[in-house]
Amino acid sequence: MKRILVTGSSGLLGSKTVNEAGSKYEVYPTHATLALFPNSLKMNVTDESEVRHVISLIKPDVVVHTAAETNVDKCEDNKAYASRVNVEGSKHLAKICNQLGTRIIFISTDYVFDGEKGLYVETDSTNPINHYGVTKLFGEQCITKLCSDFAILRTSVLYGLHPKKQNFVRWVISNLKKESQLAIVEDHYNSPTLAKNLAKTILEIIDKDIKGLYHVTGGERISRYEFALKIAETFDFDTALIRPVKMSKLKMWIAKRPKDSSLRVDKIRREIDTKLLGVSQGLKEVRQEWEMKT
Ligand SMILES: NC(=O)c1ccc[n+]([C@@H]2O[C@H](COP(=O)([O-])OP(=O)(O)OC[C@H]3O[C@@H](n4cnc5c(N)ncnc54)[C@H](OP(=O)(O)O)[C@@H]3O)[C@@H](O)[C@H]2O)c1
């Protein structure tokens with residue numbers, strides 16, 4: 001049975017990865033501040049000796065590195081902190097995994113691109129326009145430079161249900177439930193990804209020992225506005241509560257966002273059997289899960 005250690009297991013993707021792995025693998029969840037699983041081990045990735053201690057103790061076959069500071073505006077506001085978590089943290093893991101012969105799967109982002117082109121493939125040039133994107137790109141470079149056995153998976157707008165944390169889908173649902181009006185950007189495109197679907201794909205990538213750089217998303221290009229409308233339709237809320245706005249009119253963002261950071265997924269599709277779920281199918285799954293929980 002493969003031993004898998006998951007960083008950031010209290011996060012959206014980390015928790016789905018632990019849950020999807022079930023009993024088919026020996027799974028070791030780790031966290032920095034929030035232990036979502038009873039057997040979760042504390043491992044702050046910024047603390048090199050703690051990372052060394054935990055990885056040496058568990059001796060996993062694979063580390064799935066989902067942990068990151070993912071708040072794009074917080075990264076812009078506190079660049080040193082973001083670099084410590086997303087770059088230094090990834091460097092510690094890369095170094096230790098390589099020394100111990102452990103495979104690493106690093107989760108990266110569509111924000112490594114500037115968003116001027118859209119539908120990016122793996123060979124397109126990167127050019128991040130905010131500090132979060134810069135730190136994730138440097139994180140990728142730590143992995144490629146220091147590790148001999150790795151996969152880097154770039155994903156985009158993760159969504160799904162999490163017991164404690166907010167994400168775009170949850171935020172839209174909770175506002176529409178209160179009948180609040182929402183202004184959503186119509187000129188900001190990406191490729192929403194059901195976290196549970198990505199978790200399944202990660203496990204297949206582990207099983208098939210797939211290596212290298214891949215884009216893994218729901219395989220669709222959609223604006224935030226259209227995505228919000230689909231959420232409203234799926235959950236039977238009034239779509240009239242949602243109105244489109246231009247990115248330039250939105251004053252609440254600190255960091256710049258790429259206009260179109262959608263990703264093509266042809267490369268990974270050729271390698272896996274897991275079906276990448278587009279927005280309609282993915283949201284249907286979220287609704288089913290929501291109904292079971294409420
Ligand atoms: N969310 C998106 O839309 C999106 C899009 C593209 C790519 N990604 C990438 O996908 C990955 C997963 O994203 P997500 O949305 O699932 O993340 P998330 O829900 O924000 O969770 C991130 C996790 O990272 C952990 N973490 C933060 N600082 C840490 C540290 N110093 N040491 C150890 N753990 C630390 C947090 O743990 P504690 O709670 O224990 O502090 C948290 O559970 C990230 O690498 C992200 O960059 C996300």
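Begin by selecting Tyr159, Phe168, Trp171 and Phe227, which ring pairs link into a cluster. The model on display is predicted.

**Charges over rings**

The charged end of Arg224 sits over the ring of Phe168, at 4.6 Å from the ring centre. Next, select Tyr189 together with Arg221. Here Arg221 lies over the face of Tyr189, and the distance to the ring centre is 3.9 Å.

The structure holds six aromatic pairs. For one of them, select Phe235 and Trp290: the ring centres are 5.8 Å apart and the planes stand at 80 degrees, so this pair is edge-to-face, the term for planes over 60 degrees apart. Now extend the selection to the surrounding elements. Phe235 belongs to the loop between helix H8 (224-234) and strand S13 (242-245), while Trp290 belongs to helix H10 (residues 279-293), so the pair ties together parts that are 55 residues apart in sequence. With a relative accessible area of 6%, Phe235 is buried.

**The ligand and its shell**

Then colour by secondary structure.

Show the backbone next, and look for the oxygen atoms of the ligand. An oxygen atom of the ligand lies 2.8 Å from a polar backbone atom of Leu13. At Ala32, a polar backbone atom is 2.9 Å from an oxygen atom of the ligand. At Thr66, a backbone N or O atom is found 3.0 Å from a ligand oxygen atom. A surface display of the ligand may follow: on its own the ligand has 900 Å² of accessible area, and the protein covers 87% of that area.

**Glu140 in helix H5**

For the last stop, return to helix H5 and select Glu140, which is found in this helix. Is Glu140 buried or exposed? Its relative accessible area is 6%, and buried means under 20%, so Glu140 is buried.

Definitions and conventions
Residues numbered from 1 in each chain as written. Predicted model: local features only at pLDDT ≥ 70, side-chain atom pairs only at ≥ 80, totals over all residues. Heavy atoms only, no water. Polar contact = N/O pair within 3.5 Å; in protein donor to acceptor, adjacent residues only side chain to side chain. Areas by Shrake-Rupley, 256 points an atom, 1.4 Å probe, with all protein chains shown as cover. Phe/Tyr/Trp six-rings, centres within 6.5 Å; stacked < 30°, edge-to-face > 60°. Helix = DSSP H or I, 4+ residues; strand = E, 2+ residues; numbered from the N terminus. Buried < 20%, exposed > 50% of the residue type's maximum accessible area, 1.4 Å probe, protein only. Lys NZ or Arg CZ within 6 Å of the ring centre and 35° of its normal.
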